[in-house]
Amino acid sequence: MLFSAYFIARVHNPEAFLNSPDKLLTIAGTTITLFLLSSGYCMVKAINAIRCDQSKIAFRWVNVAIILGFAYPVVKYFELSWYAQHGVDVEGGIFFGAYYYLTLNHLVHVTWGLMGLIFVAYRTGKGAYTSESYSGLEAAALYWHTTDILWIVLFSFFYILR
Amino acid sequence: MIGSAEKTWFALMGLTIFGAVLGEAGNVGWPLTLTVVALIVVKSGIVMDHYMEMRSANKHIRNVLRLFIILVPTLVILSFAWGEEIRRLTTLN
C-alpha cells in the first residue's frame, strides 16, 4: 500500500518526480544507507558469534549494531532540520508529501527495530542465547535486515531515480 | 582475513556509493531507470541471501521476499514506460 501511493503519485506528477529529487540531500540518504547496512553487517557477525557459543562477542556486535543504527535517526534529524530551514516541506508538492510519508513511516519501523535490538542485546548480555537456542536474536536480526531492504528501495526512489 | 560477510558488506558499500554518484549526476531516462532497478535487485538480493540467509529459509517466506524484489522493480519500469496509461487507469473522474 505504501509503495502503491508512491507509484500513483509518480505517474500523476511526473514533472515533480523529475525535478524535486535535486532538493534532497543525497549525502544524508547515502550516509543513512551506509550506517543501516553496516549495522546489518554487525547483526550478521552477532549471529555467527552466537552460533559458535561466543555470547560475549555476539553481545559486542549487537551493541555496535545499535550504535550504528542510532546514527539513522541522528542523521535524519539533521537532514529534516536542513529541509525545514530551506523550506523543503510537504507544501513543496506531491513529491515531498510522498517523501515524508514513506521515509517517516520507515523511521517509525527503524525505531521499533532499535528497541528490539536493545532488548536482544540485554538478553545476549545475560547469556540467554546459545548455539542451540538463539531464535530471539535471529528474529530481531531478520526484522532489522528487512528495514535495510525497505530503505534500499526508498533511497533509490527518492534520492536517485528521476 | 576477509570473510564472506566482509565481502558482502564491501559490495553493499560500493553499490550504495555508486548509486549516490548516479543520483548526483542528475541523469534521467531509461539508462538511469534500468540502473536503479538493477541496484534495487542486486542490493536487496545480497541482503536477502547473505544477511538474511533466505536460501535456507522456509520457502513461503523466501517467496514473499522474492516477490517483493520482483514486484517493486517491475512497478518502476511500468510507471516509467506506461506512466500515462497508468495515470488514466488510476484517475477517478
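Here are some notes on this two-chain model, which is predicted.

1. Start with chain A as a whole. Of the 162 residues in chain A, 44% are buried. Among contacts with a separation of 6 or more, 79% join residues 24 or more positions apart.

2. Helix α4 of chain A covers residues 55-85, which makes 31 residues. From first C-alpha to last it reaches 45 Å, close to the 45 Å expected at 1.5 Å a residue. Its buried residues are A:S55, A:A58, A:F59, A:W61, A:V62, A:A65, A:I66, A:G69, A:Y72 and A:V75. If you want to see that spacing in context, remember that an α-helix has 3.6 residues a turn, so residues three or four places apart point the same way. The cover over the buried residues of α4(A) includes α3 (26-51) and α5 of chain A. Just after α4(A) comes A:G87, with a positive phi of about 70°.

3. Next, have a look at the pair α5(A) and α6(A). Helix α5 (residues 94-125) of chain A packs on α6(A) at an angle of about 160°, and the axes are 9 Å apart. An angle over 145 degrees counts as roughly antiparallel, and that is therefore how α5(A) and α6(A) run relative to each other. The crossing is left-handed. On the α5(A) side the contact includes A:Y99, A:L102, A:H106, A:H109 and A:G113, while the α6(A) side includes A:G136, A:A140, A:W144, A:W151 and A:F158. By class this contact has 13 nonpolar, eight polar and one charged residues.

4. There is also a helix pair across the two chains. Helix α6 (residues 135-160) of chain A packs with helix α1 (residues 4-25) of chain B at an angle of about 20°, with 9 Å between the axes. The two helices are therefore roughly parallel, and their crossing is right-handed. From α6(A) the contact takes A:S156, A:Y159 and A:I160, and from α1(B) it takes B:G19, B:L22 and B:G23. Those residues divide into three nonpolar, three polar and no charged.

5. Zooming out to the interface, 30 residues of chain B are in contact with 31 residues of chain A. On the chain B side, α1, α2 (30-51), α3 (59-81) and α4 (83-89) each supply at least two residues. The most come from α1(B), which gives eleven. By class, the side of chain B that touches chain A has 18 nonpolar, nine polar and three charged residues.

6. Two backbone angles deserve a look. Most residues other than glycine have a negative phi. A:D53 is not a glycine, yet has a positive phi of about 60°; the residue sits in the loop between α3 and α4 of chain A. With 13 C-beta neighbours inside 10 Å, A:D53 counts as partly exposed. In chain B, B:E53 is not a glycine either and has a positive phi of about 55°. This residue lies in the loop between α2 and α3 of chain B, and B:E53 is partly exposed, with 16 other C-beta atoms within 10 Å.

How values were computed: Residues are numbered from 1 along each chain as its sequence is written. Chains are lettered from A and ligands numbered from 1 in the order in which they are written. This is a predicted model: local features need pLDDT of at least 70, side-chain atom pairs count only at pLDDT 80 or more; totals for chains, interfaces and linings use all residues. Axes are lines fitted to C-alpha atoms, for helices over the stretch in contact, and angles run from 0 to 180 degrees between N-to-C directions. Helices (H or I, at least four residues) and strands (E, at least two) are DSSP runs, numbered from the N terminus. Angles under 35 degrees count as roughly parallel, over 145 as roughly antiparallel, 65 to 115 as roughly perpendicular and the rest as oblique. A crossing is left-handed if the near helix is turned anticlockwise from the far one by less than a right angle, and right-handed if clockwise. Two residues are in contact if their C-beta atoms, placed from the backbone, lie within 7 Å. Ala, Val, Leu, Ile, Met, Phe, Trp, Tyr, Cys and Pro count as nonpolar, Asp, Glu, Lys and Arg as charged, and the others, Gly among them, as polar. A residue is buried if 20 or more other C-beta atoms lie within 10 Å of its own, exposed if 12 or fewer, and partly exposed in between; C-beta atoms are placed from the backbone. The expected span of a helix is 1.5 Å times one less than its number of residues.
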